[in-house]
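I opened my notebook to look up a few things in this structure. Here is what I wrote down, entry by entry.

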Amino acid sequence: MDSLMILTQGANGILKPIARLLGLLMNGIYVFLDNFLNIQNIALTIIIFTVVIYLFMLPLTYQQQKFSKMSQIMNPEIQKIQKKYKNRKDSASVQAMNEETQAVYKKYGVNPSGSCIFMVIQLLILFPLYRIIYNVPGYVTRVRDTFTGVVDGIMNTSNYDSIMNNFLTQVSDGNPVFRGITYTAGGGEETRNSIIDILYRCTADDWNTLANIGDFSGFSDVINSTHSAIEHFNNFLGASIVYSPKTLITTSFNEGHFLFILIAILIPVIAAGSQLLNIRLMPQQTAGGQQEAMAAQMKMMNYFMPIYSFFIVFFLPIGVGVYWIAGSVIRLVQQLIINHHFNKIDMAKLVKENEEK
């Protein structure tokens with residue numbers, strides 16, 4: 001497999017090793033599609049990546065759903081314990097109540113923190129994934145290699161530092177996709193990386209501007225062919241996965257591409273709708289006593305998630321939206337299968353088996 005680039009990855013801190021690990025997986029999927037199916041497409045790579053990730057998390061998903069089902073059976077015992085220690089706030093009583101509650105969880109074979117763990121894992125994947133999509137050339141080596149010819153042409157041009165600085169100033173004006181992107185002058189690998197960072201975020205009009213720079217006229221054919229290759233592997237329903245729906249609406253309106261505006265609106269709408277369907281299919285926990293407040297908060301969070309999904313997909317790159325929607329669809333399928341599985345299970349028998357353990 002091609003070696004993984006590290007200089008344009010963009011992730012730092014705890015996200016960096018996670019992003020590198022996910023980047024290796026993303027790179028491997030892209031290479032597989034390219035080698036065996038002659039497909040070069042980042043959106044399809046993200047979809048397959050999502051399938052792999054959710055298959056990996058299936059045991060955790062199962063445990064989460066098992067907890068929801070078991071809670072409907074064990075809640076009377078939990079409420080009984082809460083009633084037993086009601087108004088007893090001394091440390092010994094609190095400790096005894098916690099121990100008896102944990103014993104009930106153990107009896108039914110569930111982990112009360114399962115839902116939180118699932119959410120944390122989701123976030124630990126989402127944030128590094130955003131960095132990968134935002135810096136695909138830093139993780140998918142064959143995408144990076146696409147820029148070799150045009151970068152060589154630029155760096156073999158006299159006064160290219162000044163040209164690229166001026167070009168970045170021009171194309172980044174009013175375009176949030178270039179936020180945080182700078183040009184590193186002086187030659188060497190850092191300069192090559194900064195040129196790739198700039199070019200990867202360019203619109204079709206930006207590429208036309210680059211090709212029409214007089215100093216670059218000698219390799220304008222390389223610029224145009226590179227632009228075509230980037231449009232090919234970044235294409236999702238005709239739009240580039242680098243741009244957020246918000247940015248795509250703005251640029252498409254200015255360039256007269258009104259179909260892209262419709263796509264930009266549909267992506268967050270589908271993300272929110274699929275999230276809502278997931279919530280409707282999830283088993284609802286019954287609660288009483290002190291757990292009623294927690295259940296009400298969880299219910300409110302569940303219905304807040306579609307709104308959250310809409311906004312996070314609207315403001316992040318379309319590639320993140322592809323991941324989000326693919327994940328929702330996979331969860332829908334998983335939920336249907338898991339619901340069917342639990343409907344066939346004799347829950348009383350399962351409880352008895354846990355008690356025997």
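**Entry 1**

I began with the second largest pocket and found a volume of about 350 Å³. I keep in mind that this is a predicted model. The pocket is lined by 20 residues, and I noted the ones closest to its centre: Thr203, Ala204, Glu231, Ser240 and Phe260.

Sorting the lining by class, I got nine nonpolar residues, nine polar ones and two charged ones.

**Entry 2: helices α1 and α2**

Then I turned to helix packing. Two packed helices are described by the angle between their axes and the distance between the axes. For α1 (residues 15–37) and α2 (residues 42–56), I read an angle of about 120° and axes 9 Å apart. The two helices are therefore oblique to each other, since roughly perpendicular stops at 115 degrees and roughly antiparallel needs an angle over 145. I wrote down that α1 passes α2 in a right-handed crossing.

Which residues meet here? On the α1 side I found Leu22, Leu25, Met26, Ile29, Tyr30 and Leu33. On the α2 side they meet Ile42, Leu44, Thr45, Ile46, Ile48, Phe49, Val52 and Ile53. I sorted this contact into 13 nonpolar residues, one polar and no charged.

**Entry 3: helices α3 and α4**

My next pair was α3 (residues 58–84) and α4 (residues 91–108), which pack at an angle of about 155° with axes 10 Å apart. An angle over 145 degrees counts as roughly antiparallel, so that is how I labelled α3 and α4. Their crossing is right-handed.

From α3 I noted residues including Phe67, Met70, Ile73, Met74, Glu77 and Lys84. Their partners in α4 include Met97, Glu100, Thr101, Val104, Tyr105 and Lys107. How many residues of each class does the contact of α3 with α4 have? I got ten nonpolar, two polar and five charged.

**Entry 4: helices α8 and α9**

Last, I looked at α8 (residues 160–172) and α9 (residues 189–200), whose axes come within 11 Å and cross at roughly 30°. That makes α8 roughly parallel to α9, because the angle is under 35 degrees. I noted a left-handed crossing for α8 and α9.

The contact is made by Tyr160, Met164, Phe167 and Leu168 of α8, together with Thr191, Ile195, Ile198 and Leu199 of α9. By class, I put seven of these residues down as nonpolar, one as polar and none as charged.

Methods:
Residues numbered from 1 in each chain as written. Predicted model: local features only at pLDDT ≥ 70, side-chain atom pairs only at ≥ 80, totals over all residues. Heavy atoms only, no water. 1 Å grid on protein atoms, 1.4 Å probe; cavity = no way out; pocket = protein on both sides within 12 Å on 5 of 7 lines; lining within 4 Å. Points joined across faces, edges and corners; volume = space filled by probe spheres on them. Nonpolar A, V, L, I, M, F, W, Y, C, P; charged D, E, K, R; others polar. Axes fitted to C-alpha atoms, helices over the stretch in contact; angles between N-to-C directions. Helix = DSSP H or I, 4+ residues; strand = E, 2+ residues; numbered from the N terminus. Parallel < 35°, antiparallel > 145°, perpendicular 65-115°, else oblique. Left-handed = near helix turned anticlockwise from the far one by under 90°. Contact = heavy atoms within 4.5 Å.
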